[in-house]
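Thank you all for making the time this morning.

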Amino acid sequence: RQLDEVCLPLFFGWFLLTPAQDQLRSTGSDFLTALDGFKKNAVGQEIPLEQYFKGKRSLHCTTKFCDYGKAEGAKEYAEKPVSELYGSVFDLAVSALFVTPRTFGARVSLTDEQLVLWPADAEKEAESSVPGAGSLPLGSRAHITLGCADGVEPVQTGLDLLEILVLPEVEPVTDLELGSLRFYGEGRWMLELKEPMCAAACFSSFYK
Ligand code: 2AM
């Protein structure tokens with residue numbers, strides 16, 4: 001039993017292939033520049049957003065955080081279909097970009113085929129931090145962290161996304177070249193991409 005636990009990764013997820021990483025980083029950076037141009041201090045900070053958010057990690061969309069087996073349901077998750085699809089490449093659809101005073105991320109819209117790899121309790125697990133999250137559709141939390149403010153852990157990005165999604169829909173405040181921009185109060189912004197970005201990503205896992 002102990003060996004099983006040691007073998008489980010820190011997390012499973014889709015890891016963007018290099019061209020997709022480059023494209024998303026570049027679109028993300030265009031968005032931050034456009035948001036800085038549209039509204040000064042968009043998240044309540046003087047410095048340019050590009051400097052405010054730190055993130056040098058390889059871009060990925062976490063499916064299950066396993067914490068080397070310590071997380072609830074980690075062992076069950078690692079069974080089928082996860083083991084069978086391990087190593088396969090998928091086309092992820094990046095549908096929106098968002099920033100909050102804590103995080104900068106990209107929303108991923110999963111297909112039914114991709115949802116089989118999504119943990120059934122990912123949204124419910126967030127209910128205590130984000131009331132109402134448990135009632136959102138499966139896959140609502142799917143995202144790619146692009147950057148975090150100083151001292152903020154990346155797990156916050158998915159919670160920030162859910163926090164926006166539980167709010168009532170608002171009208172766009174402007175149309176940027178990349179798509180329509182919405183403001184949700186408290187420094188929370190979301191840009192719905194005019195054309196969703198297709199990001200090729202390998203389903204795999206990460207061990208530190
Ligand atoms: P992320 O998915 O927003 O990037 C290692 O810490 C990875 O697992 C990060 O990618 C991180 O956030 C994600 N992560 C960390 N703790 C988590 C948790 N409790 N639930 C879900 N994902 C988590």
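Let me start with the ground rules. This is a predicted model, in which local features need pLDDT of at least 70 and side-chain atom pairs count only at pLDDT 80 or more, while totals for chains, interfaces and linings use all residues. Residues are numbered from 1 along each chain as its sequence is written, and side-chain values use heavy atoms, with hydrogens and water left out.

First, the charged pairs. For burial, a residue is buried under 20% relative accessible area, exposed over 50%, and partly exposed in between, using a 1.4 Å probe and protein chains only. The accessible areas themselves come from the Shrake-Rupley method with a 1.4 Å probe, and for residues only the protein chains shown count as cover.

One of these salt bridges joins the side chains of Glu163 and Arg102, at 3.7 Å from N to O. Glu163 sits in helix 7 (residues 155-165) and Arg102 in the loop between strand 3 and strand 4 (103-109), so this pair ties together parts that are 61 residues apart in sequence. Both partners are partly exposed, Glu163 at 22% relative accessibility and Arg102 at 27%.

Another salt bridge is between Glu192 and Arg182, at 3.2 Å from N to O. Here Glu192 belongs to strand 8 (residues 189-206) and Arg182 to strand 7 (residues 179-183), so the pair ties together parts that are ten residues apart in sequence. Glu192 is partly exposed at 44%, whereas Arg182 is buried, with a relative accessible area of 14%.

Strand 3 (residues 89-99) holds Ser95, which is buried at 16% relative accessible area. Leaving aside residues up to four places away in sequence, Ser95 touches Arg107, Ser109, Leu191, Glu192, Leu193 and Pro196.

Now to the surface. Patches are made of residues with over 30% relative accessible area and no salt bridge, where like charges are joined within 9 Å and nonpolar side chains (Val, Leu, Ile, Met, Phe, Trp, Tyr) within 5 Å. Phe38, Val173 and Phe183 form a nonpolar patch, with about 240 Å² of accessible area together. Phe38, in helix 2 (residues 18-38), is partly exposed at 36%.

Glu72, Glu76, Glu79 and Asp121 gather in a patch of negative charge. In this count, Lys and Arg are positive and Asp and Glu negative, with His and the chain ends not counted, and the place of a charge is taken as NZ of Lys, CZ of Arg, CG of Asp or CD of Glu. Glu76, in helix 4 (residues 74-77), is exposed at 52%.

Finally, the backbone. Most residues other than glycine have a negative phi, and most peptide bonds are trans. The peptide bond from Lys80 to Pro81, however, is cis, with omega near 0 degrees, and Pro81 lies in the loop between helix 4 and helix 5 (82-85). Lys80 also forms a salt bridge with Glu84, at 4.0 Å from N to O.

Tyr68 has a positive phi, near 60 degrees, and is placed in the loop between strand 2 (60-65) and helix 4. Glu186, with a positive phi of about 50 degrees, is found in the loop between strand 7 and strand 8 and is exposed at 65%.

Methods:
Helices (H or I, at least four residues) and strands (E, at least two) are DSSP runs, numbered from the N terminus. Contact means heavy atoms within 4.5 Å.
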